[in-house]
Amino acid sequence: MDALDTLKAKYLTAVANVGDEAGLEDLRVAALGKKGEISALMSGLGKMEPDQRRAAGAMLNVLKDEIDAALRAKKAALGDATLNERLRSEWLDVTLPGRPRRVGTIHPVSQVMEELTAIFADMGFAVAEGPQVESDWYNFDALNIPPEHPARQEHDTFFMNRAEGDNRPPHVLRTHTSPVQIRAMAAQGAPIRVIAPGRVYRMDMDQTHTPMFHQVEGLAIDRNISMANLKWVLEEFCRAFFEVPSVELRFRASHFPFTEPSAEVDIRCSWEGGQLKIGQGDKWMEILGSGMVHPKVLSAAGVNPDEWQGFAFGMGIDRIAMLKYGIPDLRAFFESDLRWLRHYGFAALNMPDLAGGLSA
Ligand code: PHE
């Protein structure tokens with residue numbers, strides 16, 4: 001059976017020399033495929049005499065198995081080679097120190113908003129929102145500031161353009177977050193406990209004033225909420241926010257059209273050596289306006305003042321951010337100077353919460 005030896009030699013050599021998996025598959029088809037050479041010989045067995053067939057069949061089977069084994073061995077070898085090549089080219093030294101990637105920083109104002117939201121959430125306050133372009137009814141009238149009221153002048157309001165021939169009062173850039181009191185009460189009714197952090201606008205610009213700044217409004221309405229509750233909430237807030245064991249607040253009688261009585265609140269601090277310390281010293285720093293919500297404001301928002309009462313406050317977010325993080329100039333907050341942002345910014349993935357430490 002020289003023919004079989006020749007065939008065997010041909011395929012074993014070809015398999016030994018083939019360099020890739022596609023070429024190997026071609027060889028398999030040529031030898032063992034349905035129309036392959038070995039298969040053709042096998043189908044020739046049928047025409048043989050039984051004795052001859054038995055002998056030839058046995059030899060063909062041996063040949064088939066040998067070629068099959070060679071094909072499989074080569075396939076495994078080629079697979080190993082491919083894997084080794086990948087392992088070599090995708091090799092990575094995991095012992096190299098990591099290179100931290102800069103993903104930007106959190107602006108101090110955003111950080112402080114997260115912090116105060118966490119603190120007030122802990123006291124049961126939800127977050128409410130309102131538009132920055134506001135109708136003058138929400139910004140003024142509903143807050144007991146009628147058109148001729150002098151407080152309208154004090155607010156240094158930005159007015160929006162009106163369409164030609166439109167004689168309705170122009171919309172304004174909200175001058176405070178207090179209109180969100182009205183929107184929240186009108187939407188939700190009483191009882192209610194919300195804070196409303198956001199941007200506000202006034203025509204003003206110097207070291208401590210920018211035309212856009214941030215406030216957080218607080219509102220708590222229930223059947224018998226009093227100034228005492230206001231004082232506790234604010235003290236609790238300041239202690240948590242400034243991360244000091246105790247704070248001292250001073251309530252100064254004041255006037256806002258939308259609260260009665262009204263109080264401005266100062267916090268005790270010291271400025272020794274240019275270093276601000278909260279909760280000690282003999283200086284006072286004003287941080288917010290507050291009071292008991294005026295009955296007319298409740299009525300304007302559809303809440304019955306004979307049944308419900310409560311407090312409201314409005315606090316400057318930029319101001320308390322400057323105090324807490326020792327930032328001297330308010331204008332730098334909004335100049336987008338990357339060096340400033342990197343210096344005063346916060347790690348992007350750190351979410352303030354009371355248990356974990358607010359600014360840790
Ligand atoms: N809206 C007032 C301001 O911008 C602050 C304030 C809010 C005062 C709520 C009393 C109650 O100055």
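The dialogue below takes up domains, strand pairing, nonpolar cores, a residue in a loop and the ligand.

Modeller: This is a predicted model, in which local features need pLDDT of at least 70 and side-chain atom pairs count only at pLDDT 80 or more, while totals for chains, interfaces and linings use all residues. Residues are numbered from 1 along each chain as its sequence is written, and side-chain values use heavy atoms, with hydrogens and water left out.

Biologist: Into which domains is the protein divided?

Modeller: Domain bounds come from an automatic or database domain assignment. Here they give domain 1 (2-89) and domain 2 (105-347), whose C-alpha centres lie 85 Å apart.

Biologist: How many bridges join β7 to β8?

Modeller: Helices (H or I, at least four residues) and strands (E, at least two) are DSSP runs, numbered from the N terminus. Two strands pair if DSSP finds at least two bridges between them. Strands β7 (residues 249-256) and β8 (residues 259-270) run antiparallel and are joined by seven bridges. They form a hairpin with two residues between them, and S254 stands opposite S262 in β8.

Biologist: Which residues have the most contacts inside the largest nonpolar core?

Modeller: A nonpolar core is a set of buried Ala, Val, Leu, Ile, Met, Phe, Trp, Tyr and Cys residues joined through side-chain atoms within 4.5 Å. Buried means under 20% relative accessible area, with a 1.4 Å probe and protein chains only. The largest core has 48 residues, and L116, F120, F237, F242, I267, F311 and I320 have the most contacts inside it. Helix α9 supplies the largest share of this core, seven residues. Contact means heavy atoms within 4.5 Å; not counting residues up to four places away in sequence, L116 touches I195, V216, F237, I317 and I320.

Biologist: Is T177 buried or exposed?

Modeller: T177 is buried, because its relative accessible area is 0%. This residue is found in the loop between β4 (172-173) and α8 (179-188). A polar contact is a pair of N or O atoms within 3.5 Å; within protein, one must be able to donate a hydrogen and the other to accept it, and residues adjacent in sequence count only if both atoms are side-chain atoms.

Biologist: Which residues are closest to the ligand?

Modeller: A residue is near a molecule if one of its heavy atoms lies within 4 Å of it. The ligand is surrounded by 14 residues, of which H176, S178, R202, Q215 and G314 are the closest. A polar side-chain atom of H176 lies 3.0 Å from a ligand nitrogen atom, and one of Q215 lies 2.9 Å from a ligand oxygen atom.

Notes
Buried means under 20% relative accessible area, exposed over 50%, partly exposed in between (1.4 Å probe, protein chains only).
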